[in-house]
Amino acid sequence: MKRVLEGSHAVAEAVRLAKVQVISAYPITPQTHIVEILSEYCTKGLMNARFLRVESEHSCMAALIGAQTAGVRTFTATSGQGLALMHELLHWASGARLPIVMAEVNRALAPGWNIWVDQTDSLAQRDTGWIQMYCEDGQEVLDSTLQAFYLAESVNLPVMVVLDAFYLSHTYEPVDVPGQEAVDRFLPPYVPKFQLDTAHPCGFGPLVAPGDYMEMRYHIAMAMDDALIRFGEIEDAFAAQFNRRYGPVEAIECEDAEIIFVTTGTLTSTCRLALQDLRAKGEKAGILKIKLLRPFPYERIREELKGAKKVAVIDRNFSFGAGGIFAQEVRAALCNTPDHPPVFGFIAGIGGRDVTPEMLTEIYRQTKNSDAPQKESVWMGLHEVKYAD
Amino acid sequence: MIEIRFHGRGGQGTVVATILLAKAFFQAGYQVQSFPFFGVERRGAPVEAYVRLDRGKILLRTNVTTPDHVAVQDQTLLHSINVTRGLKPGGWILINSPSPPADLTPYAGFQLAHVDANQIALNHRLGTRTHPIVNTAMIGAFARMLGMPPLEAIAAAIEEDLAADAQSNIEAVRDAYREVCLLGGIG
């Protein structure tokens with residue numbers, strides 16, 4: 001049934017429907033509404049789950065590592081500084097092969113103290129071994145959270161469902177909330193492949209000498225590769241049940257496109273609007289929306305971008321001294337392909353600034369009018385900074 | 001697409017007003033989006049919240065800068081905030097006040113309406129004498145001003161979100177719908 005739901009509540013509904021058994025969280029804006037409503041569900045008995053209050057995000061992840069090792073389905077949500085504080089244990093969760101699911105509401109890192117959207121917090125966790133899914137609207141948030149449990153548990157890797165602060169976390173829109181029976185048909189109960197069991201004692205997290213460590217890492221690498229295949233299968237099962245599908249990437253009018261925007265998150269939606277306008281004016285534009293950052297869908301990205309004359313990647317994030325992080329990833333995906341299109345990098349909407357249809361049209365115009373990128377990144381809409389056209 | 005901006009002060013239910021309106025418009029067959037100004041809310045501080053409605057899926061994911069209509073839940077804001085900022089020519093401005101503003105010049109080119117939402121809220125014991133919760137009365141006046149959404153849709157939204165106090169809120173909606181004074185275009 002479609003209900004007008006806040007993005008944060010779309011996450012919470014999915015967590016309730018997934019019958020999560022242990023939730024732990026430390027409050028931080030703009031994630032707070034997610035765990036606020038989950039704690040209410042636990043109190044009212046709408047969920048049969050333990051809600052563990054902790055003194056920090058670091059403790060929160062430690063608590064979930066313990067709970068998941070004991071063999072239950074777990075969930076947390078965080079943002080910005082909270083995610084940064086979890087960093088050490090993010091590595092631990094993936095290394096221990098624990099299928100923990102987290103909602104990560106993208107928030108800019110301080111200072112300057114800023115609660116608004118910027119993807120640098122989650123992208124800085126790129127190499128922690130977590131699967132990362134970026135979402136465009138409330139429906140995708142709910143659906144991805146349900147899929148996240150299935151995917152995490154099928155490859156024994158943790159999953160981060162990533163959503164934009166405010167533009168998604170605090171925005172109400174119609175979302176189809178599935179019934180419990182339909183979700184139960186899609187998502188099997190969690191059956192741990194290993195767990196703490198006093199009847200069958202074993203060691204967890206021991207010293208691993210050079211003779212074995214590399215193989216353990218290789219297993220994680222294989223699981224991550226497998227996650228891309230499993231994601232496709234899980235999407236098939238999801239589509240069979242709910243008739244919705246997103247793909248690791250979504251190509252929008254890319255078939256004949258000469259200039260393709262590469263987008264993530266909610267600015268994809270606004271870009272769809274700009275695209276309608278550009279197409280109406282006869283411009284051959286397209287959009288490639290990236291949902292999965294890890295595992296990165298290299299093949300699909302190469303396939304979808306191969307016909308383009310130019311690619312314009314819009315990053316709501318920045319790696320100082322390098323550039324927009326998705327632009328780097330896209331360049332890396334293309335670099336070994338002969339005659340690949342040039343990749344133009346644009347930085348927009350950092351720290352919660354609007355990315356408007358006009359700005360996206362301007363990005364298109366600048367890309368169309370340049371033969372090759374003049375620099376790694378062009379920052380859009382900066383105040384008091386003058387640069388030549 | 002129609003874009004609506006609500007002005008209020010933290011604690012007056014400004015954000016809830018836009019959520020209820022969005023739910024009512026959705027009931028009435030519209031696609032909707034509602035969100036607060038992406039800021040930090042404190043009691044008494046100026047707050048903004050928005051509603052977008054359209055027949056098709058709403059793709060725009062930005063703040064509302066050029067609203068079609070505006071509602072002002074607290075008339076003391078008129079002295080400190082330019083409530084017509086970005087308002088499209090001919091757009092409605094609904095003010096919570098027993099009387100129209102003494103000086104109409106700032107509203108030239110727009111349409112004006114006012115309703116004594118404080119009194120209506122107090123009549124139905126919504127909030128306190130010093131802090132009446134005026135949001136449902138404002139929605140009722142708004143629905144009359146725009147000719148939508150239907151009162152039944154607003155009532156359904158209130159029953160979903162304000163179940164504990166649904167009846168008095170629905171009565172406030174009906175009173176405001178009846179009592180709102182539509183001055184119309186200001187020359």
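Reply: Helices (H or I, at least four residues) and strands (E, at least two) are DSSP runs, numbered from the N terminus. This is a predicted model, in which local features need pLDDT of at least 70 and side-chain atom pairs count only at pLDDT 80 or more, while totals for chains, interfaces and linings use all residues. Residues are numbered from 1 along each chain as its sequence is written, and chains are lettered from A and ligands numbered from 1 in the order in which they are written.

The residue to look at is Pro373(A), which sits in the loop that runs between helix α12 (357-369) and strand β15 (378-379) of chain A. Pro373(A) counts as buried because it has 20 C-beta neighbours inside 10 Å; the cut-offs are 20 or more other C-beta atoms within 10 Å for buried, 12 or fewer for exposed, and partly exposed in between, with C-beta atoms placed from the backbone.

Once its neighbours within four places in sequence are left aside, Pro373(A) is in contact (C-beta atoms, placed from the backbone, within 7 Å) with Pro342(A), Val343(A), Phe344(A) and Gly345(A).

Chain A holds twelve helices and 15 strands, and buried residues make up 52% of its 389 residues. Along the principal axes, the C-alpha atoms of chain A fill a box of roughly 70 × 55 × 45 Å.

Lastly, there is the place where chain A touches chain B. The contact takes 18 residues from chain A and 16 residues from chain B. On the side of chain A, the elements that give two or more residues are β8 (172-176) and α9 (267-280), and the largest share, five residues, comes from α9(A). The residues on this side of chain A divide into eight nonpolar, seven polar and three charged, where Ala, Val, Leu, Ile, Met, Phe, Trp, Tyr, Cys and Pro count as nonpolar, Asp, Glu, Lys and Arg as charged, and the others, Gly among them, as polar.

Technical notes:
Contact = placed C-beta atoms within 7 Å.
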